[in-house]
Amino acid sequence: MPLPQIAPVLQRMVVIGEDSRFRTHHGLDVDEIRDAAGVPPGAGAWSTALALWRHRDRVRGASTITQQLAKNLYLSPSRSALRKLKEAVTAVRLELALPKDRLLELYLNTAEWGPGIWGVEAASETYFGVPASRLTAEQAAALAATLPFPRSSNPVFQPSRMAARRELILARYYGADVIVPPGLEEDDTLTLTPLQAPLLPPVIDSLLNDTILDTLRDTTRDTTRMRNDSLRDSTKKDSTKRDSTKRDSTSRPI
């Protein structure tokens, strides 16, 4: 879906919710990483590295839109330090190669918005029954609030968590001085309800299957035997009747 055909209000809501400094950074939001790790201004390189390692779970939530795009396009969903390093390098290379509008367009079209729902147009049609060009502000905020955890909370599945984040995004959109916390990765907060076993007949094991087949063969054999006996009796009766008729006609006087 080309970016001009995606409602500008949704583009703005996604930037607010996922990466508020998207238009000004170069792939990595250093200020956001420092804030997430609790690194004070002016901290040395060693103390900064220690803080980043100590609070690496929070740093994962500080990924920029470009970093998320790099992961969606090229990397595995693993949570290793090596993958995060690859993600950072790839994000910087993407920023050097593509303009911001193209990066946002790719992200909106490759992001997951729910189980099996990929791309903003599919999400808009699935959740609200309208194309992405006709989303309202509230609908756009709901989609933006879904992005951090699309499988465990979205507009139709456990929406309460999504709704709380949606209200923060809307408030920020309308000028309120609120902070939209960075979203955690899906694996950090996955709360799927237990699935109920489907009501299917039990699978027949080989022993039971053999027993049923033997019973069917015995029944078929008995039925065939009874049918043959009945046919034999009927044939015998017909033969006896014909013999009797023949004798009667022979002994009758002319």
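Is Leu82 buried or exposed? Leu82 is exposed, at a relative accessible area of 52%, where exposed denotes over 50%, buried under 20% and partly exposed the range in between, computed with a 1.4 Å probe on protein chains only.

1. Basis of the note. This is a predicted model, in which local features need pLDDT of at least 70 and side-chain atom pairs count only at pLDDT 80 or more, while totals for chains, interfaces and linings use all residues. Residues are numbered from 1 along each chain as its sequence is written, and side-chain values use heavy atoms, with hydrogens and water left out.

2. Overall architecture. The protein contains 11 helices and 2 strands; helices (H or I, at least four residues) and strands (E, at least two) are DSSP runs numbered from the N terminus. In sequence order the pattern reads α-α-α-α-α-α-α-β-β-α-α-α-α. Of the 254 residues in the protein, 35% are buried. Among contacts (heavy atoms within 4.5 Å) between residues at least 6 apart in sequence, 62% join residues at least 24 apart.

3. Surface. An α-helix has 3.6 residues a turn, so residues three or four places apart point the same way.

4. Helix α1. Helix α1 (residues 8-18) is largely enclosed by the rest of the structure, because 9 of its 11 residues are buried. The buried residues include Val9, Leu10, Met13, Val14, Val15 and Ile16, and also Gln11, Gly17 and Glu18. Their cover includes the helices α5 (65-74), α7 (100-110), α8 (120-128), α9 and α10, together with strand β1 (112-114).

5. Salt bridges. The structure holds 8 salt bridges, each defined as a side-chain nitrogen of Lys or Arg within 4 Å of a carboxyl oxygen of Asp or Glu. One of them joins Asp29 and Arg21 (3.0 Å, N to O). Asp29 is buried, at 5% relative accessibility, whereas Arg21 is partly exposed, at 28%.

6. A pairing across the chain. Glu112 and Arg151 also meet in a salt bridge (4.0 Å, N to O). This pair links distant parts of the chain, with Glu112 in strand β1 and Arg151 in the loop between α9 and α10, 39 residues apart. Arg151 is partly exposed, at 32% relative accessibility.

7. Further charged groups. The side chains of Arg166 and Glu167 form a salt bridge (2.9 Å, N to O). Arg166 is buried, with a relative accessible area of 17%, while Glu167 is partly exposed, at 40% relative accessibility. Arg83, Lys84 and Glu87 are linked in a network of salt bridges.

8. Backbone geometry at Gln158. The phi angle of Gln158 is near 45 degrees, a positive value in a residue other than glycine. Gln158 is found in the loop between α9 (137-146) and α10 (159-173). With 28% relative accessibility, Gln158 counts as partly exposed.
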